[in-house]
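Trainee: I would like to learn how to read a model of this kind. Please take me through it feature by feature.

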Amino acid sequence: MTLTLWYALTGVALLVVGVYGLVSRVHVLRQIMAVNIVGAGVFLVLVAGAHRRPSGAIDPVPHAMVLTGIVVAVSATAVALAFARRLRADADERTDGAAREDEARAG
Amino acid sequence: MISDALTALPWIAAVSWPMLVAMGLASSRARGVALALAPWAALPALVLAVAAPAPADLPWLLLGARFELDDIGRVFLMFTATLWLSAGVYARQYLDGAPAAHRFFAFFLVAMAGNVGLIAAGDAVLFYTCFALMSFASYGVIVHTGDREALHAGRVYITLVIVGELLIFAGLLSWAGFTGGTRLIGWTATAAQIPGPLVTGLLLVGFGIKAGAVPLHVWLPLAHPVAPTPASAVLSGAMIKAGLLGWIRFLPLGEAASPDLAFWCMAGGLGAAFGGAVAGVLQDNPKVTLAYSSISQMGLMTVAIGAGLAAPEAWPLLLPAVVLYATHHALAKGALFLGAGIAQHPGRSAGARRAMTAGLVLPALAIAGAPFTSGALAKLALKDALPPVGGALALLLSIAAIGSTLLMVRFVSLALASGVGSRSGARAGMWIPWALLTTAGAVLALGPRGIAGLPEMAPSLEPGVIWSLSWPVAAGLVLYWTARRLWPRARSEPRVPPGDVLWVATRPFATFRVPVAGARTSPALPGAVMEPLARAWSELTSLEKGLTRWYTTGLALLLLLVALTMVVGR
Amino acid sequence: MARRERTRPVPADAPWIVWTVVLPLLAAPVAFVLGRRGLAPFAAASSLGVAASVAALAWQVAAQGVQRHRLGGWGAPLGIELHADGLSVLMLVMTAVTGVVVSLHAHGTFGLGGHETREPSGRARFWPLWLFLWGGLNAVFLSADLFNLFVSLELVTLSAVALVALAATRVAVAAALQYLLAAMLGSLLYLLGVALVYATEGTLSLDELARGAPHASVAPPALALLTIGLALKTALFPLHFWLPPAHANAPTPVSALLSGLVVKASFYVLWRLWFQAFPGVAPFEASMLLAVLGTGAIVWGSVQALQATRLKSLVAYSTVAQLGYLFLVFPLVGGPGGLAAWQACAVFAVSHAFAKAAFFMAAGNIRLAAGHDRIADLDGIGARLPRSFFAVGLASVALMGLPPSGTFVAKWMMMRAALESGQAWLMVVMLLGGLFSAGYCFRVLARAFTPPTDTPLQPVPGSLDAAALALAVIALATGLFVAPALDLLAIGAPDVAGLGQDGPR
């Protein structure tokens, strides 16, 4: 068991936790967090993959990918949070029962 | 390059000119000009049929299209273009001042383009394209009036068309697989393999829907009475022959015998010939009677196709006979339909009435096969070609002629009765195309000499021949007269609902509609069978609601990942 | 390792491949800050500019063959390398044609104010997002390595999701959020696949992956992750749950772009991976699995379209069904007639993009006029909105796969390949699919001849109908004039004949 493998396995474990969270939770905030956990897992696997040369030198390419990936994930999370806020604000505006029922359905 | 374009020009003009005019009808600014041009849109096709230019390859069109006319195609194009031209001129007058005339002409012209194109097509893809164009455009022609009967007829028609298109699509693909290409004309000469019975069967049924073959004929008696008269004329005269042409083009006729299919083909044909006559006599709408007459006549041509499938060696003789029969039937049936429209408005002048009666009786006699008519020639040609298959068929043809006579008497009396009480007279624009078709039929009766694709024949003066042609007509007349004496009330009540077997087949399901949430559904289903079906159908929606949950998606994702990993890593 | 390249494979005077990506990406932020007055001419100018550079690139590829470009001279793996062959160019042209026509429609729709979006700023927001989306799509079609494909796909997803939310209704925002979550999960699965590929192969470039032997060393889970991630983003049945609500509730021009183009982007990546980056890696059974899912999509999507109560939801489910055809081609490509099947798939994608965008626009016009799109209450709409209805009719011809549409030609080629390779069941599926689509299209078309009701109708600007009609006509013309597309596809086409050893026996 090398350290690299531990990193990779931890990444996969995070991924599994995240996917489970995504499919089992209905609250959008939890779902957004779950997707971020999936992302963390994937990035961990990528980072572990940088340690692939027999000489022990670190390959910079996966690091570059992780950095870009984090940027993408942050932007997507921001958009998702904006939507979640919008849904929340909408639900607050509408006080009738139909709206609340609606919200329960949309999570 | 330029010479290529020049060769292609007449072909493209014949097909695309009607479509261009149809496009003009769609724009409100060009409508006036387009309406004036619309009746004459079949002229380029007629020129094409007469000139028959060299084949043209259009590699830039579809998957490499080809236009080509052989002798058979030429004859088909001649009578088809003549019919469309007559019907177009007639329709201009028939729909004069009608608010939706431009809509009718738009569909009419697109169907015309398809019909012309499929005859001129030299490859299977182009043929199919034009065939579909014609089939779908004629839906608009059939439902033109928009009333309940028209919509019902349209629904039956479009359902059969879609099924037919699928069968033909499947059949043509397999056909192309067998023959190794899509070239239509002369494929049999180069074919390494003959298409098998499944392919032939698909094409037989697919084109049979268009050709009105029993039991796929149900749309004909529904569509003809509701469609405007000129549309009925081209439906029964020209478009129905597209199914026949499909058979001639794609079945392995003259190449290989397929006894099973031949049997079903002949059985269906004879059933149509006799059943059509019986059902048609029991109608009280002259156009329904004509529709059944078309079914019955197409039945005879189906018998000939069956004979060709049974005995390939007989095909070289059968083919010209079938083409002659198709030509004769197209001209005569077109004239009868146009005449039926005029008979509703006979006018007050006695001369006009007499001319009208004569104009109805002449093509009716031709359909019945009386001596010295085009029908007589066609029947003789068919009889001459049939013997290698079986002499009994020739006798059956004579008996079928009795049925045709009955139908024609019934039609003429109904048509004449339809004009009783009408004071208005039909105008020249309707008389002239009718006279043109009747004359063309009369000219054909003199014998088609020098037209390649048709048998060299002349009217026979032999007493034996005349007798063989006359007795079925005489027998039919006597039979009709006797029947009217025995059952005088038969005039008013049709005993067979138009669409015969369809009516029988759909009666238990008449109230079944696909239950769609939110739509008006009819609850009156034969409960025990239909209710669980309906419930299962709506159950599918809630199943989709289940599928749209994250949980199910996550599960599916996992399963697919595992499955794909295992399959790839195998 | 990255190193500075001095040689330029493309003549300096013609870097059209760069402009097709950079121009929309540059124009988008400008459109964002531009005031409302200058927006329309700027948007028109930049749309035409992008379309013009696509045309120039198409000409270049047709005349000179495959084009490559390293941005700033930096190559793989750290630099961005662009690569244009016949397939990319066809996809670019599909995007440009659909994009320009839909832009026209959007100009009209968002110009009305208040109808499609609750916010008056909908129009101002549409243009920057659409230009970002366009740039992202072009980048997907031109990217030459796995990671740039990921970034471009994310660009597409984020702008598409934001476009859905432009409708600003609660349902639309909820649908956009679910779409975003599904797309993110798909991307992350794809990224994990990329990580595994890089770990075993040491390269991300599609070309190098294709050249590098032995391919069997690519771990099976890597291909499975890449495939499933992309399938989720393409809404392949049964992973389609996010598509119908998002496509049905977005503003009409957005629905047209999403259903026509966006789903094709992730499919395109899958297509490239299977047949160009990892040719022959997946065994025949794996492609059968995809074809079976495609069959499921056709049946399930059609059944739901038959049951849909709203017009736009019917069209959205029709997209689920039609995407299934694209997956039927996988088991055909390795067999005899494989190249024809491969070409047919591209033609189908293009023709479907035109037809579906046209159908959505026409459906949107009907909704705009009637104030609703409940199918049951659209009686007599054919007589009252003849132009919108005619567009629906023409688009239906293409959706049903009837001649002369491009879908017909594509189906003809696919079915011939199915027969040649002895997989007649695929032909039966395609014919059944045609029957299904006829069924749901006629649910709408039957409204043409029903007696009209006298509910009031809003007038629809002529430009909206013109856009729908134009694209429907283009969908039909795709089939009539398919020869140039097939010629174009031959440029840089993969050697699919070489994949045949594992075909059906």
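Mentor: Start with contacts: two residues are in contact if their C-beta atoms, placed from the backbone, lie within 7 Å. In chain A, residues 24 or more positions apart account for 50% of the contacts with a separation of 6 or more. This is a predicted model, in which local features need pLDDT of at least 70, side-chain atom pairs count only at pLDDT 80 or more, and totals for chains, interfaces and linings use all residues. Residues are numbered from 1 along each chain as its sequence is written, while chains are lettered from A and ligands numbered from 1 in the order in which they are written.

Trainee: Which elements does chain A have?

Mentor: Helices (H or I, at least four residues) and strands (E, at least two) are DSSP runs, numbered from the N terminus. Chain A has 4 helices and 0 strands, in the order α-α-α-α from the N terminus.

Trainee: Where in chain A is confidence lowest, and where is it highest?

Mentor: pLDDT is the predictor's confidence in each residue, from 0 to 100. Where it is low, the predicted coordinates should not be read in detail. In chain A, helix α4 (residues 97–106) is lowest at a mean of 52, and helix α2 (residues 28–49) is highest at 92. The average over chain A is 83, and 82% of its residues score at least 70.

Trainee: How many residues of chain C and chain A take part in their contact?

Mentor: Chain C gives 24 residues and chain A gives 29. On the side of chain C, α5 (146–165) and α6 (170–201) each give two or more residues, and α6(C) gives the most, with 15.
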